[in-house]
Amino acid sequence: MKKTGFGSIELICALALTGAAAIALTPPAAAAEKEAERTAAIGKAKAIYQAISKTNQESRQGSIWPRTGETTDPRDSDRVDIRRNTYSDSTEYFWDALDGQNLPHPDRHRPAIELSFDQLAAPGQTIDPKHGKFFYAENMWTIAANVSEDLPGFIPALISRNLDPSGLLLSFDGKTDAPLKLDPSAPLFKTPGFVMTRLDGSTAWHNPTQATLKGIYGTTAFDISTRKVSGQTLAYLTPHAITPPALKN
């Protein structure tokens, strides 16, 4: 009698070929996914920087880069003035900048910057601020505070939270290199590395080998320790704390 269908040997061969094809296709697919993740993170950093810059250029009321120090704006007001208020972390700053407290009230919702909460989150994560809070764990970004107009353009303005900003500097000799810490407890990306936007607006993905002083500042010597806003030097607001840069290397 004539046999139809697959025998056991044919079936085993077919399964083996299917598995081999899947393995062969996995690396390109994984690489494409990682590239898409990096591209998305860069796009979000650019959007945040451009939103802040646009507001600063169009407004005559002063810069909306965050400030640290003594708070002068009451927290119980209907809308917090981020130009007068001071901040101890980037999560609270972004919540106020996007007027999160008035999201349930469209008639009162007046964000200081045109941005969505999803642009603050890691790629693939969705934020729903309508629950009335923006959580540390949802926030992907560390942002520069006390940004004076005369700071060099190569100074980091926005960094993904997995780079520890405590190794950044207020003064650099342009010669001595040292590694910066990529926090393994704050994984964001499938590819090791971080995203950074400088004050001049340039934005790029940086590999772990670039997490060094020269990777950040190049070989340009600088001293910005005396450049202050309301008496405060440059600092960095992580999602949960203020982190001052080191005075010098």
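This is a predicted model: local features need pLDDT of at least 70, side-chain atom pairs count only at pLDDT 80 or more; totals for chains, interfaces and linings use all residues.
Which backbone oxygen lies 3.1 Å from a polar atom of the side chain of Lys214? The backbone oxygen of Lys175 does.

Start with Lys214 itself. Lys214 sits in helix H3, which covers residues 213-217. Its relative accessibility is 33%, so Lys214 counts as partly exposed. Leave aside residues up to four places away in sequence, and Lys214 touches Phe172, Gly174, Lys175, Asp177 and Thr219. Take Phe172 from that list. Along the sequence, Phe172 and Lys214 are 42 residues apart. In space, their C-alpha atoms are 9.6 Å apart.

Now turn to the charged pairs. Four salt bridges turn up in a search of the whole structure. One of them joins the side chains of Lys190 and Glu33, with 3.5 Å from N to O. This pair links distant parts of the chain. Lys190 belongs to the loop between strand E3 (171-172) and strand E4 (194-198). Glu33 belongs to helix H1, residues 8-58.

Lys190 has another partner. Glu37 also forms a salt bridge with Lys190, and here the closest N and O atoms are 3.7 Å apart. Again the link runs between distant parts of the chain, from Glu37 in helix H1 to Lys190 in the loop between E3 and E4, 153 residues apart.

Glu37 has a relative accessible area of 9%; that is under the 20% cut-off, so Glu37 is buried.

Stay on helix H1 for one further pair. Lys54 and Glu58 form a salt bridge, their closest N and O atoms 3.1 Å apart. Why are they separated by about one helical turn? Because they are four residues apart in helix H1. An α-helix has 3.6 residues a turn, so residues three or four places apart point the same way. Lys54, at 44% relative accessibility, counts as partly exposed. Glu58, at 57%, is over the 50% cut-off and so counts as exposed. Elsewhere, shared partners matter: Glu33, Glu37 and Lys190 are joined by their salt bridges into one network.

Next comes helix H2, residues 90-97. H2 is mostly covered, with seven of its eight residues buried. The buried residues are Ser90, Thr91, Tyr93, Phe94, Trp95, Asp96 and Ala97. Look at both ends of this helix. At its start, a side-chain oxygen of Asp89 comes to within 3.1 Å of the backbone nitrogen of Thr91. After H2 comes Asp99, which has a positive phi, near 50°.

The last stop is the largest pocket. What is its volume? It is about 290 Å³. Which residues line this pocket? They are Tyr49, Ser53, Asn56, Ser63, Trp65, Val147, Ser148, Glu149, Leu151 and Leu199. By class, five of the lining residues are nonpolar, four are polar and one is charged.

Technical notes:
Residues are numbered from 1 along each chain as its sequence is written. Side-chain values use heavy atoms; hydrogens and water are left out. Helices (H or I, at least four residues) and strands (E, at least two) are DSSP runs, numbered from the N terminus. Buried means under 20% relative accessible area, exposed over 50%, partly exposed in between (1.4 Å probe, protein chains only). On a 1 Å grid over the protein atoms alone, a cavity is a set of points where a 1.4 Å probe fits but cannot get out, and a pocket is an open set with protein on both sides within 12 Å along at least five of seven lines; lining residues have an atom within 4 Å of a point. Grid points are joined across faces, edges and corners, and a volume is the space filled by probe spheres set on the points. Ala, Val, Leu, Ile, Met, Phe, Trp, Tyr, Cys and Pro count as nonpolar, Asp, Glu, Lys and Arg as charged, and the others, Gly among them, as polar. A polar contact is a pair of N or O atoms within 3.5 Å; within protein, one must be able to donate a hydrogen and the other to accept it, and residues adjacent in sequence count only if both atoms are side-chain atoms. Contact means heavy atoms within 4.5 Å.
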